[in-house]
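Take a look at the model below.

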Amino acid sequence: MLFEDRNRVKDGDHTRHPELAIAQWAGANMAPADRAEATVYTSGEHCPMCAAAHGWVGLGRIVFASSTPQLTQWLSDLGLPAGRVAPLPISVVAPGVPTEGPVAEFADEIRALHVLAHR
Ligand SMILES: [Zn+2]
């Protein structure tokens with residue numbers, strides 16, 4: 001493991017996603033060939049901002065436990081309004097990045113965490 005981080009948006013800056021921090025760290029600390037070989041593991045699929053950063057720095061595969069369509073449905077089920085940024089999947093924002101996910105056996109647990117976070 002080269003880098004790990006967590007979501008820090010509760011500190012007030014809604015751009016403080018760990019996936020963006022990973023891309024920025026990789027751009028500053030990894031050679032391009034090493035970035036292309038790297039895999040990023042995340043609990044939730046990258047948002048458009050992070051997917052773009054991932055693509056721009058040339059990182060490799062992304063493995064995500066839950067997808068953007070799942071998150072969008074879960075938040076809608078909770079009655080939350082749609083966000084101000086289009087919920088585009090990685091495959092649309094950075095189509096050259098290989099992805100794997102969602103992982104079906106994590107769906108119930110991750111959905112429950114979102115319910116807890118938004119109640
Ligand atoms: Zn993000």
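## Around Thr68

Thr68 touches Glu45, His46, Pro87, Leu88 and Pro89, leaving aside residues up to four places away in sequence. Contact here means heavy atoms within 4.5 Å. Thr68 sits in helix H4, which covers residues 68-77. Helices (H or I, at least four residues) and strands (E, at least two) are DSSP runs, numbered from the N terminus.

Is Thr68 buried or exposed? Its relative accessibility is 10%, so Thr68 counts as buried. The cut-offs are these: buried means under 20% relative accessible area, exposed means over 50%, and partly exposed lies in between (1.4 Å probe, protein chains only).

## How to read the model

This is a predicted model: local features need pLDDT of at least 70, side-chain atom pairs count only at pLDDT 80 or more, and totals for chains, interfaces and linings use all residues. Residues are numbered from 1 along each chain as its sequence is written, and side-chain values use heavy atoms, with hydrogens and water left out.

## The strands

Strand E2 spans residues 62-66. 5 of its 5 residues are buried, so E2 is largely enclosed by the rest of the structure. E1 and E2 run parallel and are joined by 4 bridges. Two strands pair if DSSP finds at least two bridges between them. Val40 has Ile62 in E2 as its bridge partner. From E1 the chain crosses through H3 to E2, and this β-α-β crossover is right-handed.

## Helix H3 and what follows

Which residues of H3 are buried? They are Pro48, Cys50, Ala51, Ala53, His54 and Val57. Their cover includes H1, helix H2 (32-37), E1, E2 and helix H5 (90-93). After H3 comes Gly58, with a positive phi near 75 degrees.

Arg61 lies in the loop between H3 and E2. At 29% relative accessibility, Arg61 counts as partly exposed. Arg61 touches several residues beyond four places away in sequence, among them Ala38, Thr39, His54 and Pro98. Tyr41 is another of its contacts. Arg61 and Tyr41 are 20 residues apart in sequence, and their C-alpha atoms are 8.6 Å apart in space.

His17 and Cys47 link distant parts of the chain, 30 residues apart. His17 is in the segment before helix H1 (18-29), and Cys47 is in the loop between strand E1 (40-44) and helix H3 (48-57).

His17 is buried at 18%. Cys50 is buried at 0%. Cys47 is partly exposed, at 23%.

A search of the whole structure finds 0 disulfides. A disulfide is a pair of cysteine sulfur atoms within 2.5 Å.

## The aromatic pair

The structure holds 1 aromatic pair. The ring centres of Phe3 and Trp25 are 5.4 Å apart and the planes are at 35 degrees, so the pair is tilted. Rings of Phe, Tyr and Trp (its six-membered ring) pair if their centres lie within 6.5 Å; planes under 30 degrees apart count as stacked, over 60 as edge-to-face and the rest as tilted.

Phe3 lies in the segment before H1 and Trp25 in helix H1, so the pair ties together parts 22 residues apart in sequence. Phe3 is partly exposed at 27%. Trp25 is partly exposed at 26%.

Key:
A crossover is right-handed if, with the strands pointing away from the viewer, the path from the first strand over the helix to the second runs clockwise.
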